[in-house]
Protein chains: 2
Amino acid sequence: MPKRVTPPEITLGERPSNVTLTRWLHQQLRQSILDGRLKSGTRLPASRDFANHYKLSRGTVVAVFEELQAEGYLSSTVGAGTWVNELPENPQRARKSSPPVRILPPPLTGLTFPHPARPFRCHEPAVTDFPMDIWARLASRRLRAASAAMLAERDPRGHLPLREALADYLGVSRGVNCAADQIVIVSGVQQALDLLARVLLKPGDRVWMEDPGYFGAVIAFRNARANIIPVPVDERGISVTIGRQRACRAKGAYITPAHQFPLGVLMPLERRLEILAWARETGAFLIEDDYDSEYRFEGRPAPVLQSLDKNESVLLIGSFNKLLFPALRLGYIVVPSRLVDTVLAFRFGIDQNSVGLEQAVLSDFITEGHMGRHIRRMRELYAGRLTALKEESRRYLGGLIEIPHIPAGLSTVGFLRNGMSSREAEIAAAGRGIETMALDRFTLERKDVQGLLLGFAAFDESRIRRGIASLAMALEQRRAGAPAA
Amino acid sequence: MPKRVTPPEITLGERPSNVTLTRWLHQQLRQSILDGRLKSGTRLPASRDFANHYKLSRGTVVAVFEELQAEGYLSSTVGAGTWVNELPENPQRARKSSPPVRILPPPLTGLTFPHPARPFRCHEPAVTDFPMDIWARLASRRLRAASAAMLAERDPRGHLPLREALADYLGVSRGVNCAADQIVIVSGVQQALDLLARVLLKPGDRVWMEDPGYFGAVIAFRNARANIIPVPVDERGISVTIGRQRACRAKGAYITPAHQFPLGVLMPLERRLEILAWARETGAFLIEDDYDSEYRFEGRPAPVLQSLDKNESVLLIGSFNKLLFPALRLGYIVVPSRLVDTVLAFRFGIDQNSVGLEQAVLSDFITEGHMGRHIRRMRELYAGRLTALKEESRRYLGGLIEIPHIPAGLSTVGFLRNGMSSREAEIAAAGRGIETMALDRFTLERKDVQGLLLGFAAFDESRIRRGIASLAMALEQRRAGAPAA
C-alpha cells in the first residue's frame, strides 16, 4: 500500500463560474508547478486524500493527475505515489513579452504594422465589418459534423467542394474559364507567388516585373534566384514594347491587369492582347495577380486576362485574405491543365496542403450566397470611404497631393505635389502618426514615382477626416520650408 | 417607370426545413442560371412582382437579387430592370469529378493514399478517436468571441498565446529550453523543412542526411539545390564518424534522435553528445525532427537533443498534424535566438503567416489540459495496437517478417525474412489490399534495407488481424515459389 502523505500547501485560486472543475484544477496545479510553488520532487497526496482535502470528487482529481502526467508535469508509479517532475528550466520565468516584429524583408524594411491599424494602412480590409456571426455559425455546423474524412484530408489540391464552388464563382464573377481540378488552394498570394516562382523559374532565368510593382512578387522571384527584368508601367499597365526590347526571351512575367499595383491603372483590351501575343510567340508564362478585382466601384469589373488566353499561358492567382479577413490564410492558383501535375508535385514538397476546416467553411460561405452579400456590402462601404478620402483631400491637401480617378481597390495612390520625395513624405507622415507606403518602395530601376499609397478601406469617415488633417500638416512642412524629417 | 415583365417560368424546388428562405432562393436561382434553365439575357420580373408570384417577401427577393448581382450572375440598371448575365462558359458542365492525385514527388512515386486508409498506412493517426466535440466547443467559443485583432492577425511568428503555451508544453514534456519568441508557428514539418533548407543552405552546400531517412527532408534539400551527403544509420542513429569522413565541413545535418525515421532507433546520450560536438567544432546546424516523440509506450520519452545544446546549433521542429489531426496544418520550429530574425524575414516571403483561428483553438486545447488527456488516451490505444500487431505477426508472419522491439511511434519497421526485396514485398502487399511502404523508398546510397514500414495507429485490432492475414498471404508467395508481383 502506498505511503500516505499529507496534502501539500497548495493554494487553489477561486474558480470562475464559466470554468469546469477539471479545467480549473488542471490550470491551478500546472501554474503552481510552473511558478515553482510546487517544487520538483514534491509528492502529492493520494487522489482520494487530495479529493477529500479540497472537497472535489475523486474522479476529477484522478483525471487531472493523469493529464498532468501525460503532459510531463507529474510522474507516478505504483507504490511510490505521484510526484512533481523536475522541469528542465522554467521557460515561464525566462519569457519576456514579444518585442515588435522586426522581420520584414526589403523592400518593406523599416515598416511596422502594429495593431490596430492607423490611417492609411494599405490593404487592411474592414475586418470589423466582416459577418463573423455567419462565419461562426457555418464553422460550428461544420465542426459538429466533422467526419474522419475531413479531419484526415490531405489533398494537395484542396477541398473538392471548395474548388468546385470557386470554379463557379470565378467563372461567373471574373470570367475565368477553368475546371475545379485546375484550382490549387494555397494560403494566399504570397504562397502562390513563392510556389510558382520555384516551379516556373530556374536560377538565372529572366522574368519581367512591373516597375513600379508588387513587392511580394519581387521577394518570391529573388528567393528563386531569378533575374528580374524591370519593365516600366505606363497608363495602360506594363509596357510590352519595352519588355520585348529588354528581354524578349524572358521565361515569363508578373502582371496585375485588373488594378495595377501600386498605380491602380486598368490594362485595356489592346494591351492584354499584346502581352498574350508575346506569351504565345515565346512560350512565356504570365502570372496574373487578380488583386482587389472585386472592388471596382463603377461599372462591372473587367474579366480576367486568363479568359482571353487560348494558349495555356496564364496562371491566375488570388486571395480571400483581404476579401474576408487576413487570419483566414486561403487563396488559389488557377493552373493551365498542362502544368497541374508539376505544380502539385512541387506543392506537396512545400507544405503538403492547406488548412482543412476553413476550406469547408469558405465553400459554404460562397455557395450559400454570403460571399456575394459581403462583397456587395463592402463595395458600397469602400466606395463611400474612397469618396470621403477624395473629398477631404481636395479640401485639405490641395497643392500637396493629387489623387487620380481610380474607382477600385482598398487603397489609392496619391501623387505628391509639394516637392517631397516619396520617402520624405512617408517619414513626415509617420511623424504625425499616419501610416503610408512611399511609392519608391515599389520601384526597381525607375526613379522615384513621387507619391504615397493610401489605404482607406478599414477607416470610417471620421478617421479618414482626422487622418487627412494630420497628413496635411505633415506635407505642409516642406512647403513651409521646414526640414522633411 | 421600368417596363413590367411577366415572371419567367422558373421552377423553384422544395425548400428543406433547415434552410432559410434567402439561402434557398439564392441557391435555386444560381443553379437555374448555371444549368442554363435561366438563359443569359433573360429579364427577371421586378422584385415586387417576383415576390407576389412566388409568395415571398419583397425584402427577401431584393436581398437575393443583390447577392446574385454582386456575384456577377445578374445585372440591373434603373429603367431596364434586372437580367441574367452572359456567363463566359459553363464550368459546371465542363467539370468532371476529381481524378486520384497523381502528384507525389519521388521517392513517393507510385503510391496513392485513398480515403479511408487501409492497414498498414504509415503515419495515419486514429482520427476517429480525436475528441472533435471538445475541439468544436473550443472553436465555437473562439469564433463567437473573435475580435478584430484576431481576424487581422498577421504575426509571422504566430499567435503569441499559442507560442507561450507551446514554450511551456515543450519545456515540460520534451525538455526544450526556449522562450516563446524563439518559436515560429508553421503549417507542419514539411513547411519547417522547406523553410529551413532555404534559409540555411545555398545551392551546392553539403548537408548530412540519415540513410535511410525521411523523404520529406530529402525533398526539401533537393528543392534548395543542396548537395545531400548520405550518412548511414546504425543501431544508435546517424553515424557521426562516417559523416565526418564523408563531409566534415558540411553545413548541417537532419536528424531524428527520438525515433529514427524509418528504423525507429533511439539515439543514446553518447551519440547525441558526439553530434553536438561536431556541430560545435564546425559551426554546423542540426535540424532535430522530434517526430512521434509523444508516443513512447515504455518509460518516459528522452528529452530532446536541443536541451543539451549549449551552442545554438539545434533547430527543433515538430508538428500537431499527426498528434491531433492531419487537416489541422500546424507545426513549429524552435529557432536559436541568433537566427530568429533571419528565419522570420524569410518566412514572411514564403506565406506571411499561419492560419489564425486554429492557433487560438490549439492554445486553448493545450492550456486547458485536453492535449495531455488526448496524448495519454492515444498512448494507451496505440500501445495496445502495437501489441496486437506484434502478437498477430508472431503468430502468422513467423519466418516472413520480423518486428524489432521499438515501443514507440505510429508505425514500425518489419524486416523481411522471406527473401523478397522491400519493393517486391510492397507490391505483393498492395495486391492483397495492404498499404505499406518499402524501406528502399527511404534509402539514398545504401542498398535495400529489406523491410516494410507498417502503420498501426489508425486500425483497431480486428483490422490489424485481418491485415496481417492478408499480408501473410502476400509474403507467402515467394516462399511458395510464386512470382513476387
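Reader: How many cavities of 30 Å³ or more does the structure hold?

Author: This is a predicted model, in which local features need pLDDT of at least 70 and side-chain atom pairs count only at pLDDT 80 or more, while totals for chains, interfaces and linings use all residues. Residues are numbered from 1 along each chain as its sequence is written, chains are lettered from A and ligands numbered from 1 in the order in which they are written, and side-chain values use heavy atoms, with hydrogens and water left out. A cavity is a set of points, on a 1 Å grid over the protein atoms alone, where a 1.4 Å probe fits but cannot get out, and lining residues have an atom within 4 Å of a point. With grid points joined across faces, edges and corners, and a volume taken as the space filled by probe spheres set on the points, the number of cavities of 30 Å³ or more is eight.

Reader: Which residues lie nearest the centre of the largest cavity?

Author: The largest cavity holds about 120 Å³ of space, and its lining divides into two nonpolar, eight polar and five charged residues (Ala, Val, Leu, Ile, Met, Phe, Trp, Tyr, Cys and Pro count as nonpolar, Asp, Glu, Lys and Arg as charged, and the others, Gly among them, as polar). Of the 15 lining residues, those nearest the centre are A:Ser187, A:Val355, B:Ser187, B:Asp351 and B:Val355.

Reader: Which helices each supply at least two residues of the lining of the second largest cavity?

Author: The second largest cavity has a volume of about 80 Å³, and its lining divides into 10 nonpolar residues, one polar and one charged. Among the lining residues are A:Met132, A:Trp135, B:Met150, B:Leu151, B:Gly356 and B:Leu357. Helices here are DSSP runs (H or I, at least four residues), as strands are (E, at least two), numbered from the N terminus. The helices that each supply at least two lining residues are α5 of chain A together with α6 (148–152) and α13 (356–367) of chain B.

Reader: How is α5(A) oriented relative to α5(B)?

Author: Helix α5 (residues 132–144) of chain A packs against helix α5 (residues 132–144) of chain B at an angle of about 180°, with their axes 10 Å apart. Axes are lines fitted to C-alpha atoms, for helices over the stretch in contact, and angles run from 0 to 180 degrees between N-to-C directions. Angles under 35 degrees count as roughly parallel, over 145 as roughly antiparallel, 65 to 115 as roughly perpendicular and the rest as oblique, so α5(A) and α5(B) are roughly antiparallel.

Note on methods: On a 1 Å grid over the protein atoms alone, a cavity is a set of points where a 1.4 Å probe fits but cannot get out, and a pocket is an open set with protein on both sides within 12 Å along at least five of seven lines; lining residues have an atom within 4 Å of a point.
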